[in-house]
Amino acid sequence: MGGLIEITLGIMTAVGGFVDISELVFAAQAGSRFGFALIWVFAFSTIGIGCYGEMSGRIAAIAKQPVFNLMRQRLGLRLGLVTLVASSIVNTITCAAEIGGTALVLHLLTGWPYALLAVLSTLVLMAIIWLTPFKWIERSFGLLGLAMICFAVATVKLAPNWGAVAFGFVPQIPTALPAKDLVVFAYFAVAIVSAVMFPYETYFYSSGGIEENWKPKDLKTNRLTTSVGFGLGSLLAICIMINAAILFRPLHIDPQLPGTAALEVAIPFGKAGLLLALFGMLFAISGAAVETGLSTAYSIAQFFGWEWGRYKRPHEAPRFTFAWVTTFVIALALVLTGIDPLQLVEWSIVFSVVLLPLTYLPLLLIGNDRKYMGEYVNGRLSNGIGWFFYAVLLVAALAALPLYFITSGGQT
Amino acid sequence: MRRGDPLKLLSEVRDLQIVDKDGRNCGICDEIELDGAPGEALTVSAVLVGPGAYARRLPRWAHRLIAHIAGRGIVRVPWDIVEKISGRIHLSVAAETVGLRRTEDRLIERLKQVPFS
């Protein structure tokens with residue numbers, strides 16, 4: 001019974017913690033701009049993050065090796081260091097975007113000044129990390145983020161053409177679009193792949209597995225969390241896209257602000273719906289801020305072999321503590337410069353996709369290494385999906401920057 | 001010892017996590033020190049840890065940058081206190097015995113003064 005509760009909680013946490021500001025913004029924009037035509041990219045990328053998430057959790061449970069330890073061993077010092085520096089920059093930018101998003105949602109709820117709310121929310125998040133152990137942090141944000149289910153309820157209420165929605169799951173490129181829009185379509189496709197397969201998610205997930213001392217008996221929970229949990233979480237993002245296609249596309253509204261996405265629930269359910277959507281967004285986005293802040297510290301501490309983890313008290317892993325505190329301070333400073341949080345989201349999305357091949361290669365190599373993994377080495381399915389997605393990520397990484405500049409970040 | 005063995009050792013030991021006898025993480029094997037003379041077999045004499053050790057493996061500009069940020073410190077861990085290697089390098093002594101975790105120990109004292117730490 002305890003095991004079943006544990007698995008259910010794990011899945012629910014994954015569902016509630018799946019959507020962050022980048023998925024929220026890009027799903028709503030993609031739905032408004034291309035209707036249901038990009039649903040398949042969300043579904044497709046979810047298979048990728050499910051595969052790599054499962055692999056990183058299995059490696060954490062069996063080899064007890066966190067991602068950045070592996071990265072240094074397998075990529076070597078030079079390439080590992082390049083990845084560390086790049087991922088720390090991207091994670092910090094993403095953390096700033098999430099703090100900015102949290103402040104925007106709080107601003108909508110309270111009407112208080114944005115900068116003050118950014119400072120207050122950063123201080124509260126840091127206090128939560130300082131005072132609570134890993135499991136509580138992960139569970140509380142994940143479970144409160146479940147309020148995002150209101151977006152799925154809104155989809156049912158809005159009664160889309162389900163046949164057209166189902167067709168959206170079929171890989172497609174809308175050939176009727178003019179060439180200029182096709183390039184924007186490609187940019188959104190790459191951005192969604194990046195948003196769903198953000199590197200920090202694997203750093204955080206595998207480090208969490210080690211924090212919670214996963215063992216082979218936890219592999220079932222790992223498999224269910226990364227398949228069912230991530231799958232249902234992705235479905236929430238798809239619902240945001242469907243709602244945007246129904247509500248915003250006919251009116252040519254470009255939902256660039258997170259608050260616009262909340263209207264997807266406000267329109268069918270009124271004020272109560274709006275508050276519930278904002279509440280869900282608040283915990284989903286602030287939870288992602290915690291994950292990105294901690295991921296930076298995990299990466300640096302693991303790369304240099306320091307003590308790390310939130311299962312230790314702050315003074316027991318001092319350099320790790322210093323690293324996450326510094327990340328939050330820099331991220332807050334970025335927000336306070338006045339840079340638009342959505343600009344930060346775009347930068348983090350584009351630079352993340354360039355990092356993805358470097359992040360996932362060591363996982364594939366260790367997952368196939370019988371010396372580390374013994375009988376739990378990658379199976380044929382895991383390898384097949386893993387290498388296929390690796391090829392996709394290489395193409396996405398090469399295309400990301402040119403597409404970003406050609407489309408001016410999807411604006412043309 | 002076969003001719004290829006020392007090189008294999010180098011590639012398999014370098015960049016591994018080091019843990020002390022209490023299971024605490026205390027750095028990464030940044031470089032290996034070898035002993036030997038022309039015509040003799042090379043033997044591993046120590047594991048080197050610290051920015052001064054890994055910076056040597058980087059291009060010169062990065063070497064200077066790291067020296068500026070993290071210093072040139074190297075801690076020498078004698079090979080005879082390496083107990084076993086199994087995905088990590090396990091030491092038979094506490095980290096402090098060989099001078100590892102100095103920065104940690106300094107920071108611990110400061111952090112202990114912060115409430116709820």
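**Exercise 1. Decide whether B:Arg101 is buried or exposed, and describe its backbone.**

Solution. B:Arg101 has 23 other C-beta atoms within 10 Å, so it is buried. The cut-off for a buried residue is 20 or more such atoms. This count, like every value below, comes from a predicted model. Finally, read the backbone angle: phi of B:Arg101 is near 65°, a positive value in a residue other than glycine.

**Exercise 2. Describe how β1(B) and β2(B) are paired, and how β4(B) and β5(B) are paired.**

Solution. Step one: β1(B) and β2(B) run antiparallel and are joined by two bridges. Step two: B:Gln17 stands opposite B:Ile28 of β2(B). Step three: the two strands form a hairpin with five residues between them, and B:Gly23 in the turn has a positive phi of about 80°.

Now the other pair. Strand β4 (residues 43–49) of chain B pairs with β5(B) in the antiparallel sense over four bridges. B:Ala46 has B:Pro78 in β5(B) as its bridge partner. B:Pro78 belongs, with B:Arg76, to the uncovered face of β5 (residues 75–78), while B:Val75 and B:Val77 make up the covered face.

**Exercise 3. Which elements of chain B supply at least two residues each to the side that touches chain A?**

Solution. First, the extent of the interface: 20 residues of chain B are in contact with 21 residues of chain A. The elements of chain B that each supply at least two residues to this side are β1 (17–19), β2 (25–28) and α4 (102–111). The largest share, five residues, comes from α4(B). By class, this side of chain B has nine nonpolar, six polar and five charged residues.

**Exercise 4. Characterise the overall fold of chain A from its secondary structure and its radius of gyration.**

Solution. Chain A has 16 helices and zero strands. Its radius of gyration is 20 Å, close to the 22 Å that the globule rule gives for 412 residues, so chain A is as compact as a globular protein of that length. Along the principal axes, its C-alpha trace spans about 55 × 50 × 45 Å. Of the 412 residues in chain A, 57% are buried. Among contacts in chain A with a separation of 6 or more, 86% are between residues 24 or more positions apart.

**Exercise 5. Where does α12(A) bend, and where is the kink in α14(A)?**

Solution. Take α12 (residues 258–304) of chain A. It has 47 residues, but its end C-alpha atoms are only 37 Å apart, short of the 69 Å that a straight helix would reach. The bend, about 150°, is at A:Phe269. Just after α12(A), A:Gly305 takes a positive phi of about 75°.

Turn to α14 (residues 341–367) of chain A. Its 27 residues reach 36 Å from first C-alpha to last, close to the expected 39 Å. A kink of about 40° lies at A:Leu355, shortly before the proline A:Pro357. Since 22 of its 27 residues are buried, α14(A) is largely enclosed by the rest of the structure.

**Exercise 6. Work out the surroundings of A:Glu98 and A:Ala61.**

Solution. A:Glu98 is in helix α4 (residues 67–110) of chain A. With 31 other C-beta atoms within 10 Å, A:Glu98 is buried. Leaving out residues up to four places away in sequence, its contacts include A:Asp20, A:Ile21, A:Ile285 and A:Ser286.

A:Ala61 lies in helix α3 (residues 39–62) of chain A. This residue has 23 C-beta neighbours inside 10 Å and so counts as buried. Beyond four places in sequence, A:Ala61 touches residues including A:Gly209, A:Trp214, A:Lys215 and A:Pro216. A:Gln302, 241 residues from A:Ala61 in sequence, is 16 Å from it in space, C-alpha to C-alpha.

Conventions. Residues are numbered from 1 along each chain as its sequence is written. Chains are lettered from A and ligands numbered from 1 in the order in which they are written. This is a predicted model: local features need pLDDT of at least 70, side-chain atom pairs count only at pLDDT 80 or more; totals for chains, interfaces and linings use all residues. Two residues are in contact if their C-beta atoms, placed from the backbone, lie within 7 Å. Ala, Val, Leu, Ile, Met, Phe, Trp, Tyr, Cys and Pro count as nonpolar, Asp, Glu, Lys and Arg as charged, and the others, Gly among them, as polar. The radius of gyration is taken over C-alpha atoms; the globule rule is 2.2 Å times the number of residues to the power 0.38. A residue is buried if 20 or more other C-beta atoms lie within 10 Å of its own, exposed if 12 or fewer, and partly exposed in between; C-beta atoms are placed from the backbone. The expected span of a helix is 1.5 Å times one less than its number of residues. The bend at a residue is the angle between axes fitted to the seven residues ending there and the seven starting there. Two strands pair if DSSP finds at least two bridges between them.
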